[in-house]
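Here is a short tour to read alongside the sequence and the 3D view. Keep both open as you go.

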Amino acid sequence: MSKYAIKDPTMRKVLNRGYEPVSVWMGGWYSGWRVKQGWKWQYIYLVTLGAVRKFPINSKKVKPL
């Protein structure tokens with residue numbers, strides 16, 4: 001289990017932990033939250049995969065909820 005995982009995640013739980021909820025396009029829209037953001041990459045925890053994935057900051061595949 002990842003350290004970013006939240007049991008039974010809801011919008012309120014995600015926001016209370018200081019993360020930003022996002023949707024990611026990976027052949028379909030997947031929900032998750034941004035756990036870390038640098039000047040070039042952003043790291044997003046995806047609920048369905050149960051893992052963190054890396055995306056460029058200016059990616060069209062990532063949309064805030």
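## Overall fold

The protein chain contains one helix and five strands. Please keep in mind that this is a predicted model. Read from the N terminus, the order of elements is α-β-β-β-β-β. With a radius of gyration of 11 Å, close to the 11 Å that the globule rule gives for 65 residues, the chain is as compact as a globular protein of that length.

If you like to picture the outline, the C-alpha atoms fill a box of roughly 30 × 25 × 20 Å along the principal axes. Of the 65 residues, 31% are buried. As for contacts between residues at least 6 apart in sequence, 28% of them join residues at least 24 apart.

## Strands and hairpins

β1 and β2 pair in the antiparallel sense, over six bridges. Within this pairing, Val22 stands opposite Gly32 of β2. The hairpin of β1 and β2 has three residues between its strands, and Gly27 takes a positive phi near 80° there.

The next step is from β2 to β3. These two strands are also antiparallel partners, with five bridges, and a hairpin of three residues joins them. Arg34 faces Ile44 in β3, while Gln37 has Gln42 of β3 as its bridge partner.

On its other pairing, β3 meets strand β4 (residues 51-56) through six bridges, and the two run antiparallel.

| Strand pair | Sense | Bridges |
|---|---|---|
| β1 and β2 | antiparallel | six bridges |
| β2 and β3 | antiparallel | five bridges |
| β3 and β4 | antiparallel | six bridges |

Where else does a positive phi turn up in a residue that is not a glycine? Asp8 has one, of about 50°. Asp8 is found in the segment before α1. With a relative accessibility of 55%, Asp8 counts as exposed, the cut-off being over 50%.

## Aromatic residues

How many aromatic pairs does a search of the whole structure find? The search returns four. A pair of aromatic rings is described by the distance of the centres and the angle of the planes. For Tyr19 and Trp33, the ring centres are 6.5 Å apart and the planes meet at 15°, so this pair is stacked. Tyr19 lies in the loop between α1 (11-16) and β1 (20-25), and Trp33 in strand β2 (residues 29-37), so the pair ties together parts that are 14 residues apart in sequence.

Are these two residues buried or exposed? Tyr19 is buried, with a relative accessible area of 19%; the cut-off for buried is under 20%. Trp33 counts as buried too, at 2% relative accessibility. Both residues belong to one aromatic cluster, formed by Tyr4, Tyr19, Trp33 and Tyr45.

## Around Tyr43

Which residues does Tyr43 touch, not counting residues up to four places away in sequence? They are Trp33, Arg34, Val35, Lys36, Val52, Arg53 and Lys54. Among these, Trp33 is the stacking partner of Tyr19, and Arg34 is the residue opposite Ile44. Lys36 lies over the face of Tyr43, at 5.1 Å from the ring centre. Lys54, also touched by Tyr43, lies over the face of Trp41 at 4.5 Å from that ring centre.

For a view across the chain, compare Tyr43 with Ala5: they are 38 residues apart in sequence, and their C-alpha atoms are 13 Å apart in space.

How values were computed. Residues are numbered from 1 along each chain as its sequence is written. This is a predicted model: local features need pLDDT of at least 70, side-chain atom pairs count only at pLDDT 80 or more; totals for chains, interfaces and linings use all residues. Side-chain values use heavy atoms; hydrogens and water are left out. Helices (H or I, at least four residues) and strands (E, at least two) are DSSP runs, numbered from the N terminus. The radius of gyration is taken over C-alpha atoms; the globule rule is 2.2 Å times the number of residues to the power 0.38. Buried means under 20% relative accessible area, exposed over 50%, partly exposed in between (1.4 Å probe, protein chains only). Contact means heavy atoms within 4.5 Å. Rings of Phe, Tyr and Trp (its six-membered ring) pair if their centres lie within 6.5 Å; planes under 30 degrees apart count as stacked, over 60 as edge-to-face and the rest as tilted. A charge sits over a ring if NZ of Lys or CZ of Arg is within 6 Å of the ring centre and within 35 degrees of the ring normal. Two strands pair if DSSP finds at least two bridges between them.
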